[in-house]
Amino acid sequence: ETVSFYLATGLRKVAQGGGVDNENITVHEVPLASIDTWLAEQVKLGKALDPRIYTGLYFLKSQS
């Protein structure tokens, strides 16, 4: 499996998100400044996090 990361800038939200009618997707908007704490809380709640989340965040944080 191959994963690609893209940095998009100048975006604006145009819909709530969450998928289409037959999907049950929850969108979480978390400020980058508090993402580490939020992710740690999710792990404590027993949620499985894909390690690629941390890879993407590493590259995002290295841009600032």
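**Salt bridges, rings and a pocket**

Modeller: Salt bridges link Glu 1, Asp 50 and Arg 52 into a network; a salt bridge here is a side-chain nitrogen of Lys or Arg within 4 Å of a carboxyl oxygen of Asp or Glu. Keep in mind that this is a predicted model, where local features need pLDDT of at least 70, side-chain atom pairs count only at pLDDT 80 or more, and totals for chains, interfaces and linings use all residues. Residues are numbered from 1 along each chain as its sequence is written, and side-chain values use heavy atoms, with hydrogens and water left out.

Biologist: Which side chain meets Arg 52 in a salt bridge at 2.3 Å, N to O?

Modeller: Asp 50 meets Arg 52 too, but at 2.4 Å, N to O. The 2.3 Å bridge to Arg 52 comes from Glu 1. Arg 52 lies in helix α2 and its partner in the segment before α1, so the pair ties together parts that are 51 residues apart in sequence; helices are DSSP runs (H or I, at least four residues), numbered from the N terminus. The residue you asked for is Glu 1.

Biologist: Is Glu 1 buried or exposed?

Modeller: Buried means under 20% relative accessible area, exposed over 50%, and partly exposed in between (1.4 Å probe, protein chains only). Glu 1 has 85% relative accessibility, so it counts as exposed.

Biologist: How many degrees lie between the ring planes of Phe 5 and Phe 59?

Modeller: Rings of Phe, Tyr and Trp (its six-membered ring) pair if their centres lie within 6.5 Å; planes under 30 degrees apart count as stacked, over 60 as edge-to-face and the rest as tilted. Phe 5 and Phe 59 sit 6.3 Å centre to centre and form a tilted pair, with the planes at 45 degrees.

Biologist: Which helix gives the largest share of the lining of the largest pocket?

Modeller: A pocket is an open set of points on a 1 Å grid over the protein atoms alone, where a 1.4 Å probe fits, with protein on both sides within 12 Å along at least five of seven lines; lining residues have an atom within 4 Å of a point. The largest pocket is lined by 16 residues, with Leu 32, Ile 53, Gly 56, Leu 57 and Leu 60 nearest its centre. α1 (35-44) and α2 (52-62) each supply at least two of the lining residues. The largest share, six residues, comes from α2.
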